[in-house]
Amino acid sequence: MSEINTTPLVDVMLVLLIIFLIAVPIAIQSVEKLKVPILPSEESKEKVENLQLAVVATDSAGRSPKQAGYEGSARGGQCRVYVNNTTPVDSTELYKQAFARLDAIVKREGGAANMDPEKIPEVHIRGDVNVPWKCIAGVIYGVQSAGFPKVGFISTPVDPNPK
């Protein structure tokens, strides 16, 4: 016999339909009365905020990434560094901001002697492929001279299945 008996399937589906027809209105009524509290946000004292830096270079026409018509970093372009991927800084300003951030964390922890190694922030550098090495090396030197012991690089993963 090659026919499938669909009667049990229909029975189960009808039972589920009835359950959902009863359960959904009850669930909706209970969700409408739910009030989510609004709490003010405050800086976490436990979480370490890493310093995010983006290093790019001007394009062949001398345009920066925020300018219209930017074509991507050129190998001979001028270095541009962005703190938290938004604020452009030069090398002096990078040193000042990095030092101030690390100094505030050390003071919050009660001094360098009381510092937990897990609470020391890292510097994460995201660099464009075409950025000259001198730009990356200058950023590394600047943040290490400001006192950051750990510097890491963020990269885009390579697609294992290129099209």
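Let's start in helix 2, residues 91-108, where Tyr 95 and Phe 99 sit four residues apart, so about one helical turn separates them. Keep in mind that this is a predicted model. The structure holds one aromatic pair, and here it is: the ring centres of Tyr 95 and Phe 99 are 6.1 Å apart with the planes at 15°, so we call the pair stacked. Are these two buried or partly exposed? Tyr 95 comes out partly exposed, at 34% relative accessibility, and Phe 99 is partly exposed too, at 39%.

Now, zooming out. Along the protein chain you get three helices and five strands, and reading from the N terminus the order is α-β-β-β-α-β-α-β. What do the strands build? An open sheet of five, ordered 3-2-1-4-5, with mixed pairing. Strand 3 (87-89) and strand 5 (151-153) are the edges; each has a single partner strand, so one side of each has no neighbour in the sheet. From one strand to the next, the twist averages 30°.

Look at strand 1, residues 51-57, and strand 2, residues 79-83: they run antiparallel and are joined by five bridges. If you want a landmark there, Ala 57 stands opposite Cys 79 of strand 2.

One more residue I'd like you to find is His 124, in strand 4, residues 123-127. At 18% relative accessibility His 124 counts as buried, because the cut-off is under 20%. Which side chain does the His 124 side chain make a polar contact with? That's Glu 122, at 3.1 Å. Setting aside neighbours within four places in sequence, His 124 is in contact with Asn 50, Leu 51, Gln 52, Leu 53, Gly 152 and Ile 154.

Last, the whole-chain numbers. Of the 163 residues in the protein chain, 23% are buried. The chain exposes about 12,200 Å², with carbon and sulfur atoms supplying 60% of that. And if you take contacts between residues at least 6 apart in sequence, 61% of them join residues at least 24 apart.

Technical notes: Residues numbered from 1 in each chain as written. Predicted model: local features only at pLDDT ≥ 70, side-chain atom pairs only at ≥ 80, totals over all residues. Heavy atoms only, no water. Helix = DSSP H or I, 4+ residues; strand = E, 2+ residues; numbered from the N terminus. Buried < 20%, exposed > 50% of the residue type's maximum accessible area, 1.4 Å probe, protein only. Contact = heavy atoms within 4.5 Å. Areas by Shrake-Rupley, 256 points an atom, 1.4 Å probe, with all protein chains shown as cover. Phe/Tyr/Trp six-rings, centres within 6.5 Å; stacked < 30°, edge-to-face > 60°. Polar contact = N/O pair within 3.5 Å; in protein donor to acceptor, adjacent residues only side chain to side chain. Pairing = 2+ DSSP bridges. Axes fitted to C-alpha atoms, helices over the stretch in contact; angles between N-to-C directions.
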